Amino acid sequence: MFTPFESLDKSARIWIYQAGRKFSTSEKSTISETLLAFTQSWVVHGNPMKTSFTILEDQFIVLAADENYNEASGCSIDSSVRVMRQLDQQFLLGLFDRANVAFRKKSETEIIPLPELGRALAEGRWNQDTLFFNNVIATKGQLESEWILPAKRSWLKRYLPKTVV
């Protein structure tokens, strides 16, 4: 059962899907329609789940489930992955490419492939203070407080010179 994202509890579980590019207006509309239909009928073992989604920065899709209502299971999570794979294939979004790291540069999102992080750091494309989209967070509360943070406060600190960290 769909619930507005804003009304979900901070403990709601989330899954963040990062696209390799921004969504067009028509893509965003279709994605929203597809996810609204999915979240309205998302179930766990035949029981409705309290679910939602949001699209952030025109490039990130966040699915959410309030597990205080009904806890997600492997099968229910698999059903969400199927929907996301369909959207990914339909629009060629790169939602499952985990080798891309997203940074906020001014008001834009810059994607840097993981194998290029060291070179990009040396070239000055990012540094310890560059804002990073931390897509491995697990709750809505973390989305509000830990999703966008300086690189030095994330796993990216291993790429920084030891004197910086």
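Residues are classed as buried when their relative accessible area is under 20%, as exposed when it is over 50% and as partly exposed in between, with a 1.4 Å probe and protein chains only. The structure is a predicted model, in which local features need pLDDT of at least 70 and side-chain atom pairs count only at pLDDT 80 or more, whereas totals for chains, interfaces and linings use all residues. Residues are numbered from 1 along each chain as its sequence is written, and side-chain values use heavy atoms, with hydrogens and water left out.

The protein has four helices and nine strands, assigned as DSSP runs (H or I of at least four residues for helices, E of at least two for strands) and numbered from the N terminus. Along the sequence these elements follow the pattern β-α-β-β-β-β-α-β-β-α-β-α-β. Of the 165 residues in the protein, 43% are buried.

Aromatic pairs, defined for rings of Phe, Tyr and Trp (its six-membered ring) with centres within 6.5 Å and classed as stacked for planes under 30 degrees apart, edge-to-face over 60 and tilted for the rest, number 11 in the protein. The rings of Phe132 and Trp155 have centres 5.8 Å apart and planes at 85 degrees, so this pair is edge-to-face. Because Phe132 belongs to strand S8 (residues 131-133) and Trp155 to the segment after strand S9 (148-150), the pair ties together parts 23 residues apart in sequence. Phe132 is buried, at 3% relative accessible area, while Trp155 is partly exposed at 32%. Trp155 also forms an edge-to-face pair with Tyr159, at 6.4 Å centre to centre and 65 degrees between the planes; Tyr159 is partly exposed, at 28%. Together with Phe103 and Trp126, the residues Phe132, Trp155 and Tyr159 form one aromatic cluster.
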